[in-house]
Each structure stands twice: as C-alpha cells, then as structure tokens.
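Here are a few exercises to work through with the model open beside you. Have a go at each task before you read the solution.

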Amino acid sequence: MTKIPDHSRAAVLREFGQPLSIEDVPVPSRLEAGALLVKTSACSICGTDVHLAGGNLALKVDLPVIIGHEMTGRIVAKGEDSDRDSIGQELKIGDRILWTHTSCGSCYYCTVARQPTLCDNRRAYMYETMAKYPYLLGGFSEYGYVMPQSGRIKVPDAVGDDLASLCSCAFRSVMNAMNNLGTIEAHDHVVIQGVGPLGLLATAVAVARGARKVIAIGSPQARLDLAAELGAQTLLSIEESTHEERLEQVQSLTDGRGADIVMEFTGHPAAFSEGLDLVRKGGRYCVVGQLGDYETPIKPSTIVKKNINVIGSFSGDPRSYWQALEFAAKYESQIPLNKILSNRYALDDVNTAMARMKSFEEIKPVIEFK
C-alpha cells in the first residue's frame, strides 16, 4: 500500500504574471464522505493554465492556487460512500480516474435546465486557494483531492496516463461541444477554426463522425499538417491567406453555400466574425474558445439574415469525460491522437513547459509524476 505523506510538492501561483513556485502543500488528514485522494500520474498543460497564470481570464481566481486542471491519477485513499464512479463502475484503491469540476445537484441549472456545467454553486480545480482545506485543488501536484461533488470516471486500461490527462479538459470540452452541436451528417462540410489541441481533437472527432469534408483553419503550418494526419482534407493557413481568400475557398468547396457547420476553438475574438461569414445560411456555429474578456465588432444582422444557429459550449460534464475516454480507447490505434501530446516534463520544470506552451513551441506538454 502506498504510504501517504503529510505534504505534496506542487506548483503554486501566488501572483499573476510571476513564475510558479514549487512548494510543500498539506495533504488532508481527513477525507469528506464521497471524497477521494489521488496520487497524480500526469497532468497535461492547457492554454487556460497559461492565461490564468498571466491574469488574463474573465473568471474569479482565489490566489494562491495550484495550477493545472487536466490531471489523472490513482486512488490512494477513499472517503465513505465513494465506491462507484459517475458511470456506475466500481472504484477501488489503485484505480486510475479522471475527475470533474463540481456541480451541486440542487440548483436550477443542475435540476430543471439539466446543465450542470452552469451550476450556480460550481467549484473548479485550479481556481480555489491552496491555503485552506482541502488544499490540493490543482493538477500540478503529486497528490490531488477529489471533492465529494466532483464527478469521477474510471480510466480504461487501453488509455495511457498522458492521453487520459488530455481527456480531462481539452477532449471533454470538445465532446461537450459536439453534444451541444448535435449530429454531424454524412453530407456536412465542417470548418474547424483553430489547430490548437481542441481544434485538432475536434478535427479527429468530426472525421470519425462521418463529415463529408473537414476544413481546418489556423497556424503554424506544423499544426495544420497534424490536422491533416488527423483527417482534415483541406488546410487554410491564416498566415498565408486573408479573410476574403478563406471565405472564397470555403464557398468554392461547398457549391457557394458555405460550411454546414463551423466550430471555433481559437480564443481570438476576431475569429467569431469570420466564423459567421464562413457558415452557410441556416447552418450551425459552435463557439468554444472565447473565454477571454475581450470584445470584437460583429454585424448582428448576419446572424438574422442567414438564420444561423449560434451555440456556445462551456466546459463539460461527466458524460463528456467518459465520451472522451471511450473515443481515445476506440481510436487510439487508428488516429494518431498521441501526436497532439508533445514533450514530457518533471514538476520542477513546469515554468519551462508553461513558457514553451505560451510561445507555441508546444502543442500539449505533459507534466509527469513518477
């Protein structure tokens, strides 16, 4: 049985815009009913980690915090009433899991709207202070605390730790977006805006779901090339084309109509207006990447005159995590999902990994714990 230490080494953010410090954070001596203590195996780095550390998110952050929220690990201790995961599978010491942000199960959004990602009482990992119990609410830590109201999903044996960590945020956000979007038909032309981790994963899913053609828009070229490996048939570089040229190419591929579906994963506000132009009349536009507190000019009449269905998609519920893991287990040998994961780093090198992520030298680096 693993001996549980009194403290966990973790990467802590104490001031926005400053490097993370490696600190000893207390390991809770007691577990609430329904809670779990997990020894972290891997935590991939998300663009949100970089934005939060820089103070560039339009969300409340209670400093100091442990950065990281795409983690997976093995259960080392269990509170009472924690014998099943959110899918109903048995959980025991040593099992690998992913765990979700919390939802209370008793507010309007959890019950009537059935949209737990919008829960009024939601608690999110990486956003809550490590200065008070239960301390370990971030991924760049040797140990993690799974709150009682967090969903938890057992990781299939076929999915490695690093790919499982990718399913913990990036992939579940894509799966949640696909759920909000609805069916992709065999005749649908799908435009993916952005070839970061989410855009690349969305490319793979759109192809697997049978889209007639997937068009990936973004940069740099190496990421566009990876989008092609994941199944995109047409690549449009934003570095080598104008908005007008991209619009013309998309229309030429769709008999002048525009894309049936456009999905935005860029995070750049200007991409929203372009997406409205790219989608056909009566088409669907799913917006996922716009979490920054920025503004951009648009023509609302475009939405009305083209009868566009604009869909916002935020985060993901346990179903989305499970779907991501199941997709990874099924397609890992057919689709090169692991190529989205780039270099592996030790916890002590987290600032280097974060800097490389910020400068686009990495697609999805992973912090590994031995």
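**Exercise 1. A lysine and its partner**

Does K364 count as buried or exposed? Find its salt-bridge partner as well, and work out what the pair links.

Solution. Keep in mind that this is a predicted model. Start with accessibility: buried means under 20% relative accessible area. K364 comes out at 1%, so it counts as buried. Next, look for the partner: the side chain of K364 meets that of E70 in a salt bridge, 3.0 Å from N to O. Now place both ends.

**Exercise 2. Other salt bridges**

How many salt bridges does the structure hold, and which parts does the one between R9 and D348 tie together?

Solution. The count is 17. In the R9–D348 bridge, the closest N and O atoms are 2.6 Å apart. R9 belongs to strand β1, while D348 is in the loop between β15 (344–345) and α11 (350–358), so this pair connects parts 339 residues apart in sequence. R9 has a relative accessible area of 28%, so it is partly exposed.

Now try E368 and K370, whose side chains meet at 3.5 Å, N to O. E368 is partly exposed at 28%, whereas K370 is exposed at 84%. There's also a network: salt bridges with shared partners join K92, D95 and K154.

**Exercise 3. Walk across the parallel sheet**

What is the strand order in the open sheet of 6 strands, and which strands stand at its edges?

Solution. Going across, you meet β11-β10-β9-β12-β13-β14, with parallel pairing. The edges are β11 (234–237) and β14 (309–312); each has a single partner strand, so one side of each has no neighbour in the sheet. On average, neighbouring strands are turned by 15° against each other, direction ignored.

Zoom in on β9 (residues 189–193) and β12 (residues 259–264): they pair over 4 bridges in the parallel sense, and the bridge partner of V190 in β12 is I261.

Helix α6 (residues 221–229) lies across β10 (213–218) and β11, at about 165° to β11. Helix α8 (residues 270–278) lies across β9, β10, β12, β13 (279–287) and β14, at about 145° to β13.

One more stop is T203, in helix α5 (residues 197–208). With 0% relative accessibility, T203 counts as buried. Neighbours within four places in sequence aside, T203 touches I192, V214, A227, L230 and A232.

**Exercise 4. Antiparallel pairs**

Which residue in β2 stands opposite V12, and how many bridges join β6 to β8?

Solution. Take the open sheet of 3 strands, ordered β2-β1-β4 with antiparallel pairing. Its edge strands, β2 (21–26) and β4 (65–66), each pair on one side only. Strand β1 (residues 7–13) pairs with β2 over 6 bridges, and V12 stands opposite S21.

Moving on, β6 (residues 96–102) and β8 run antiparallel and are joined by 4 bridges, with I97 opposite K154. In β8 (residues 150–154), 4 of the 5 residues are buried, so this strand is largely enclosed by the rest of the structure.

Key:
Residues numbered from 1 in each chain as written. Predicted model: local features only at pLDDT ≥ 70, side-chain atom pairs only at ≥ 80, totals over all residues. Heavy atoms only, no water. Pairing = 2+ DSSP bridges. Helix = DSSP H or I, 4+ residues; strand = E, 2+ residues; numbered from the N terminus. Axes fitted to C-alpha atoms, helices over the stretch in contact; angles between N-to-C directions. Contact = heavy atoms within 4.5 Å. Buried < 20%, exposed > 50% of the residue type's maximum accessible area, 1.4 Å probe, protein only. Salt bridge = Lys/Arg side-chain N within 4 Å of Asp/Glu carboxyl O.
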